[in-house]
Structures are given as C-alpha cells and as structure tokens.
Amino acid sequence: ARHQIFIAFLDIICLGFFQAPEIVGNYKLAVQISSICGLFLHAINQITQPRFAKSYSLNDYYQIQTIALISNRLVSICSLIVSAFVFLFYEKFIILFFGVDFFISKFTFLIILLSPLINSLFGSSAEILIMSGNEKLTLRWAGISLFIGILSNILLVPFMGINGVAISTLLATFVRGITLWKKCFVLLKVKSSFVLDQIFKI
C-alpha cells in the first residue's frame with residue numbers, strides 16, 4: 001500500500017510540471033477513487049502477515065501456500081466486483097458529487113483503475129517475502145519499479161499527458177507485481193496469486 005501511495009505521489013508531481021492544476025486535481029481524485037479497489041488486499045495482509053511469519057518459522061511452506069491462495073481468492077473476487085462497480089458508476093458519481101469539471105475520460109480512468117486491481121491479483125507476494133526474511137529483495141524491486149515509473153513518466157507525460165501518467169503507474173505496478181510473484185515461487189515454492197495459479201493449471 002505504501003508503495004502505491006508513493007508512486008501516486010510522484011505521478012502527481014510529474015504531472016504538475018506538464019499539465020494545468022485542474023488536470024492534476026482531476027487525476028488525484030481519480031486515483032483516490034480507484035484506491036478503493038486495493039483496500040481488500042491491504043485488509044487481508046493485516047490478517048495474513050503474522051500467519052505467514054509463524055508458518056515460515058515452522059518451515060511449513062504448504063500452510064503458507066494455502067493461506068496465500070485462499071486469501072487471494074477472496075481478494076481477487078472482491079476487487080474484481082468493486083472495480084467493475086466503480087468503473088460503471090464513475091461518471092455518475094463524479095458528476096453528482098463533484099461536478100462535470102472533475103470528470104476525466106473513462107478510458108483514462110480504466111487505466112488508473114487497473115493498477116490497484118493488478119496489484120491485488122498478484123496477491124501477498126511482497127508480504128510473504130518480507131515475513132520470510134527477504135526484505136532487501138522487496139525493497140530493491142520497489143526501488144526499481146519506482147525508477148521505471150519516474151522514467152516512463154518523463155518519457156510519456158510530455159506527449160500523452162494524463163494518460164502517460166496512468167500508463168507509467170500501471171507499468172511500474174505490473175513490473176513489481178510479476179517480479180515479486182515470480183521470486184516468491186522461485187525462492188519459497190509458494191504461489192501467491194489465485195488467478196495466476198488457475199491460469200497456469202490450464
């Protein structure tokens with residue numbers, strides 16, 4: 001969650017260099033609305049973190065795997081439902097409570113919305129790695145993804161504006177998510193994503 005907040009903060013700063021304050025404000029509001037979709041992962045992590053640590057201390061990797069997949073199945077279902085609901089009613093919500101001046105295109109909002117959704121679908125890989133003593137690895141890839149986000153912002157925002165910022169965040173989130181998901185499996189033989197587990201079973 002802190003990683004997503006920091007990326008959004010950097011995005012707002014970068015967007016402020018190239019776009020009018022009104023655009024920056026609209027982007028910030030869209031990010032805040034989309035963050036609702038990431039609440040389920042954050043809430044579940046508070047419950048599962050101590051259980052991951054306890055299972056790791058007992059070398060019970062099967063239990064870690066079980067907790068990870070069961071919790072992520074719940075997170076994925078809830079996140080997908082809420083994301084669909086938020087996307088469908090975004091325009092009406094903005095116009096009703098904030099006014100038409102705060103509305104951004106639904107295509108741009110979809111890109112923004114995909115970041116917390118994808119982060120949720122990858123599961124608790126970061127928490128599993130941290131609880132198993134791999135804090136430096138997660139910190140390293142958080143830094144790398146931030147660098148990717150900053151670099152892509154510099155390259156895309158001058159030409160694509162608010163869409164460039166949204167794409168940069170999505171790219172940084174995806175790189176961090178898929179890398180930590182893979183590292184979790186390579187180092188611990190634990191799958192953290194229910195959705196990817198189902199896909200690769202096919």
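Start by selecting α2 (21–34) and α4 (61–97); helices here are DSSP runs of H or I with at least four residues, numbered from the N terminus. Their axes come within 12 Å and cross at roughly 135°. An axis is a line fitted to C-alpha atoms, for helices over the stretch in contact, and angles run from 0 to 180 degrees between N-to-C directions. So α2 and α4 are oblique to each other, the label left over once you set aside roughly parallel (under 35 degrees), roughly perpendicular (65 to 115) and roughly antiparallel (over 145). The crossing is right-handed: the near helix is turned clockwise from the far one by less than a right angle.

A quick word on what you're viewing: this is a predicted model, where local features need pLDDT of at least 70 and side-chain atom pairs count only at pLDDT 80 or more, while totals for chains, interfaces and linings use all residues. Residues are numbered from 1 along each chain as its sequence is written, and side-chain values use heavy atoms, leaving out hydrogens and water.

Now show side chains. Leu29, Ala30 and Ile33 of α2 meet Val86, Tyr90, Phe93 and Ile94 of α4, with contact meaning heavy atoms within 4.5 Å. What classes of residue does this contact have? It has 7 nonpolar, no polar and no charged residues. Nonpolar covers Ala, Val, Leu, Ile, Met, Phe, Trp, Tyr, Cys and Pro; charged means Asp, Glu, Lys and Arg; the others, Gly among them, are polar.

The axes of α4 and α5 come within 10 Å and cross at roughly 170°, which makes the two helices roughly antiparallel. Among the residues in contact are Asn72, Val75 and Ser79 of α4 and Phe109, Leu113 and Ser120 of α5. By class, there are 11 nonpolar, 5 polar and 2 charged residues here.

Zoom in on Ser120, in helix α5. Is Ser120 buried or exposed? Ser120 is buried, with a relative accessible area of 1%; buried means under 20%, exposed over 50% and partly exposed in between, using a 1.4 Å probe and protein chains only. Beyond its neighbours within four places in sequence, Ser120 is in contact with Cys37, Gly38, Leu41, Asn72, Val75 and Ser79.

Next, click Phe109. Not counting residues up to four places away in sequence, Phe109 touches Ala30, Ile33, Ser34, Val86, Phe87, Tyr90 and Ile104.
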